[in-house]
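Please read them with the structure open.

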Amino acid sequence: QVRLEESGGGSVQPGGSLTLTCAADYRIYDNNCMGWFRQAPGKEREAVATIYTGDGKAYYTESREDRIVISRDNGRKLIELHMNRLKPEDTAIYYCGARRRDSSVLCGESLVRGLDYWGRGTQVTVSS
């Protein structure tokens with residue numbers, strides 16, 4: 001059973017900031033592609049960012065507007081999503097995901113092709 005546990009969601013006013021955290025066990029974390037996707041009400045799940053935990057190289061969707069940064073902490077086996085200048089349209093459930101070990105999909109390609117394992121998600125609400 002793959003463990004992916006998200007935390008850090010909540011309610012924030014427009015213009016505010018949040019940091020989401022995803023903890024994973026070493027079997028899925030080490031030298032693997034992980035990332036964040038989100039799903040807004042009535043919409044399909046969409047990619048936000050992915051990161052290769054081995055070298056820290058990050059990949060983003062074009063729409064992130066430099067407001068969002070993904071990072072990893074190899075010591076604690078977790079990835080984070082730092083979100084600034086939040087907008088109401090950022091309201092969604094944010095899911096942490098990881099690639100299967102035997103996948104041939106490149107980490108950047110995972111933005112389009114998705115990931116294989118998912119956490120339960122954490123709610124982010126941006127509202128005044």
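1. Start with the core. The model is predicted, and its largest nonpolar core holds 26 residues. Those with the most contacts inside this core are Leu4, Met34, Trp36, Ile79, Leu81, Met83 and Tyr94. Two or more core residues come from each of E3, helix H1 (26–29), E4, strand E5 (46–52), strand E7 (68–73), strand E8 (78–83), E9 and strand E11 (122–126). As background, nonpolar side chains in soluble globular proteins tend to be buried together.

2. Another core lies apart from the largest one. This other core has six residues, including Cys33, Phe37, Ala47 and Leu111.

3. Which residues does Met83 touch, leaving out those up to four places away in sequence? The list is Gly16, Ser17, Leu18, Leu20, Arg67, Ile68, Tyr94 and Val124. Tyr94 is also among the residues with the most contacts inside the largest core.

4. The disulfides come next. The count is two. With bonded cysteines counted along the chain, the pattern is 1-3, 2-4. For reference, a disulfide is a covalent bond between the sulfur atoms of two cysteines.

5. Take Cys22 and Cys96. Their sulfur atoms are 2.0 Å apart, and the two form a disulfide. The torsion about the S-S bond is about -75°, so this disulfide is left-handed. Cys22 sits in strand E3 (residues 18–24) and Cys96 in strand E9 (residues 92–98), so the link ties together parts 74 residues apart in sequence. Cys22 and Cys96 are both buried.

6. Now take Cys33 and Cys107. A disulfide joins the two, with an S to S distance of 2.2 Å. The link is right-handed, with 80° about the S-S bond. Cys33 belongs to strand E4 (residues 33–39), while Cys107 is in the loop between E9 and helix H2 (110–113), so this pair also ties together parts 74 residues apart in sequence. Are these cysteines buried or exposed? Cys33 has 0% relative accessibility, so it counts as buried. Cys107 is at 6%, so it counts as buried too. Cys33 also belongs to the six-residue core.

7. On the overall fold, the chain has two helices and eleven strands. From the N terminus on, the order is β-β-β-α-β-β-β-β-β-β-α-β-β. The radius of gyration is 14 Å, close to the 14 Å from the globule rule for 128 residues, so the chain is as compact as a globular protein of that length. The C-alpha trace spans about 45 × 25 × 25 Å along its principal axes.

8. Of the contacts with a separation of 6 or more, 59% are between residues 24 or more positions apart. The accessible surface is about 6900 Å², and carbon and sulfur atoms account for 43% of that surface.

9. Two backbone angles deserve a look. Most residues other than glycine have a negative phi. Asn31 has a positive phi, near 50°. Asn31 lies in the loop between H1 and E4. Arg85 is not a glycine either, and its phi is positive, at about 45°. Arg85 is in the loop between E8 and E9. How exposed is Arg85? With a relative accessible area of 48%, Arg85 is partly exposed.

Key
Residues numbered from 1 in each chain as written. Predicted model: local features only at pLDDT ≥ 70, side-chain atom pairs only at ≥ 80, totals over all residues. Heavy atoms only, no water. Disulfide = S-S within 2.5 Å. Helix = DSSP H or I, 4+ residues; strand = E, 2+ residues; numbered from the N terminus. Buried < 20%, exposed > 50% of the residue type's maximum accessible area, 1.4 Å probe, protein only. Core = buried A, V, L, I, M, F, W, Y, C linked by side-chain atoms within 4.5 Å. Contact = heavy atoms within 4.5 Å. Rg over C-alpha atoms; globule rule 2.2 N^0.38 Å. Areas by Shrake-Rupley, 256 points an atom, 1.4 Å probe, with all protein chains shown as cover.
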